[in-house]
Amino acid sequence: METIFARSSGSGRTAIAVWRISGPAAGEVVAKLAGSLPSARRASHRQIRDPLGGLLDDGIVLWFPGPNTATGEDLAEFHLHGSQAVATRFTETLTGLGLRPAEPGEFTLRALRYGRMGLLEAEGLGDLLDAETEQQRQQALGGYTGSAREVVAGWRDGLLAALAVLDAAVDFPDEEDVPAEIASRAVPALEKVSVSLKQELAKSAKGRRLREGLTLAIIGPPNAGKSTLLNRLVGEERAIVSDIPGTTRDVVSARLDIAGRLVEVLDTAGLRDETDDPIERAGMERSRAARERADIIIELSADGSREDPRLLRVTNKIDLGETAPEGTLGLSALTGEGWDEFLIALTGRIEATACPALFTHERQIALLQSGAAALDRVLDDPAQDPELLAEDVRSVIALLDQMTGRITVEDVLGAIFSRFCIGK
Ligand SMILES: Nc1nc2c(ncn2[C@@H]2O[C@H](COP(=O)(O)OP(=O)(O)OP(=O)(O)O)[C@@H](O)[C@H]2O)c(=O)[nH]1
Ligand SMILES: [K+]
Ligand SMILES: [Mg+2]
């Protein structure tokens with residue numbers, strides 16, 4: 001096993017840079033650079049010297065002997081000054097000692113391989129590192145600290161109990177109806193798991209929107225005030241506003257934190273039935289594409305004719321005496337009249353569209369869907385051959401084991417860890 005190193009504390013010029021070293025040579029490297037191996041798990045102030053005795057920096061060294069460490073291996077940290085020159089010299093020194101720069105997420109991958117962490121926790125950790133908003137942080141921490149794993153473990157226990165019953169039915173001498181009668185006793189446990197699993201699955205889409213961020217498109221005819229509304233939401237003049245219809249051509253986007261959710265707001269070209277201008281037509285095509293992929297649509301000057309659960313209908317320019325028809329919110333994006341009510345409605349919509357869930361990754365959702373389908377096969381006909389029932393239940397257990405990483409599928413690891421930062 002190679003010994004790896006990385007700067008874990010971000011790049012650029014910083015006061016302090018934290019470096020991590022993991023692998024069998026970690027102790028030897030620490031002893032060489034810090035003069036001797038410091039006491040375990042204690043911060044020690046040392047002069048750091050290269051192997052030829054030249055002073056490299058003055059800093060803090062931490063020595064964590066394995067296997068009780070974050071990676072499960074011998075691990076060390078160096079807290080050095082965060083300049084480019086120190087970084088270059090330290091990197092050269094470590095490389096000269098035979099160490100290799102870590103790949104993104106490689107420390108966590110090692111933790112996984114040594115059983116220090118499960119796959120769900122690793123995915124939660126990745127989400128935590130990516131989190132930009134408060135709700136994203138909370139959802140990610142749930143995964144990282146094991147909430148998702150505990151739920152899966154509960155399902156697994158239920159399935160194992162059901163499997164024991166089914167296996168007893170299989171082993172039973174082939175008497176009329178008796179095996180089926182025994183097998184039926186597995187049904188309540190299976191139903192319980194099935195219901196719980198489907199409940200979690202039902203939350204996944206909203207949890208995924210919370211994790212990835214949701215898209216809010218502002219749609220409406222030219223000059224409805226779409227760009228004015230975007231600018232008010234963002235709090236700055238992001239998009240050009242003018243009294244010329246067709247001002248916005250490209251989609252103008254802004255990322256906002258609303259109620260702890262990451263929201264990408266899209267201001268779009270005004271939609272009208274006819275135009276001879278090919279550029280305006282191209283802009284309208286982009287508007288339609290934005291509307292297509294939006295999770296929530298603010299429609300200005302809505303005529304109320306279209307039915308779409310994503311719509312939030314707004315009548316703008318109420319300062320000009322416009323009255324808001326039934327089912328629309330009255331607003332002046334220019335003066336701010338009606339703004340509080342609008343924001344309350346919008347926030348409510350956002351909160352209902354992106355909510356915390358335990359399983360939000362495509363990988364997890366696909367495994368849950370397969371599991372739910374297999375359980376349906378069992379519960380649709382619990383009187384079938386107990387051997388077949390047992391086989392389906394075993395397949396669900398295997399899916400759950402893939403979920404937690406108890407069964408490791410190599411190709412998912414690459415996908416999970418490549419999105420990590422270096423040094424984690
Ligand atoms: N009185 C009043 N004028 C507004 C309001 N909102 C926008 N306007 C004006 O309406 C005109 C068009 O506003 P924009 O924000 O450019 O409208 P838009 O929907 O983005 O227009 P396009 O990009 O051309 O489709 C500008 O002159 C704005 O100042 C409002 O609430 N009240
Ligand atoms: K305009
Ligand atoms: Mg505009």
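Me: Which residues does Thr248 touch, not counting residues up to four places away in sequence?

Reply: This is a predicted model: local features need pLDDT of at least 70, side-chain atom pairs count only at pLDDT 80 or more, and totals for chains, interfaces and linings use all residues. Residues are numbered from 1 along each chain as its sequence is written, while chains are lettered from A and ligands numbered from 1 in the order in which they are written. Two residues are in contact if their C-beta atoms, placed from the backbone, lie within 7 Å. By that test, the residues touching Thr248 are Lys226, Ser227, Ala239, Asp267, Thr268, Ala269, Gly270 and Gly283.

Me: Is Thr248 buried or exposed?

Reply: Count the other C-beta atoms (placed from the backbone) within 10 Å of the residue's own: 20 or more means buried, 12 or fewer exposed, and in between partly exposed. Thr248 has 24 of them, so it is buried.

Me: Where does Ser227 lie?

Reply: Helices (H or I, at least four residues) and strands (E, at least two) are DSSP runs, numbered from the N terminus. Ser227 is buried, with 24 C-beta neighbours inside 10 Å. Its contacts beyond four places in sequence include Thr247, Thr248 and Asp267. Its place is in helix H9.

Me: What is the largest C-alpha distance among Asn223, Ser242, Ile244 and Thr247?

Reply: UniProt, in an unreviewed entry, places "binding site" at these residues too. They are spread over 25 residues of sequence but cluster in space. The largest C-alpha distance is 8.0 Å.

Me: Is Ile244 buried or exposed?

Reply: Ile244 sits in the loop between helix H9 (226-234) and strand E8 (252-258). Thr247 is in the loop between H9 and E8 as well, and counts as partly exposed with 17 C-beta neighbours inside 10 Å. Ile244 has 9 other C-beta atoms within 10 Å, so it is exposed.

Me: Which residues are closest to ligand 1?

Reply: A residue is near a molecule if its C-beta atom, placed from the backbone, lies within 6 Å of it. The ligand 1 shell has 24 residues. The closest are Gly225, Ser227, Thr248, Gly270 and Leu334.

Me: What is the C-alpha separation of Ala333 and Thr228?

Reply: Ala333 is in the loop between strand E12 (329-330) and helix H11 (339-353). Ala333 is buried, since 27 C-beta neighbours lie inside 10 Å. Thr228 is 105 residues away along the chain, yet the C-alpha separation is 5.9 Å.

Me: In E4, which residue is the bridge partner of Arg46?

Reply: Another open sheet of six strands runs E3-E4-E5-E2-E1-E6. In it, E3 and strand E4 (residues 55-64) pair in the antiparallel sense over six bridges. Arg46 has as its partner in E4 Gly59.

Notes. UniProt positions are given in the numbering used here, feature names are shortened, and annotations may be inferred rather than shown by experiment. Two strands pair if DSSP finds at least two bridges between them.
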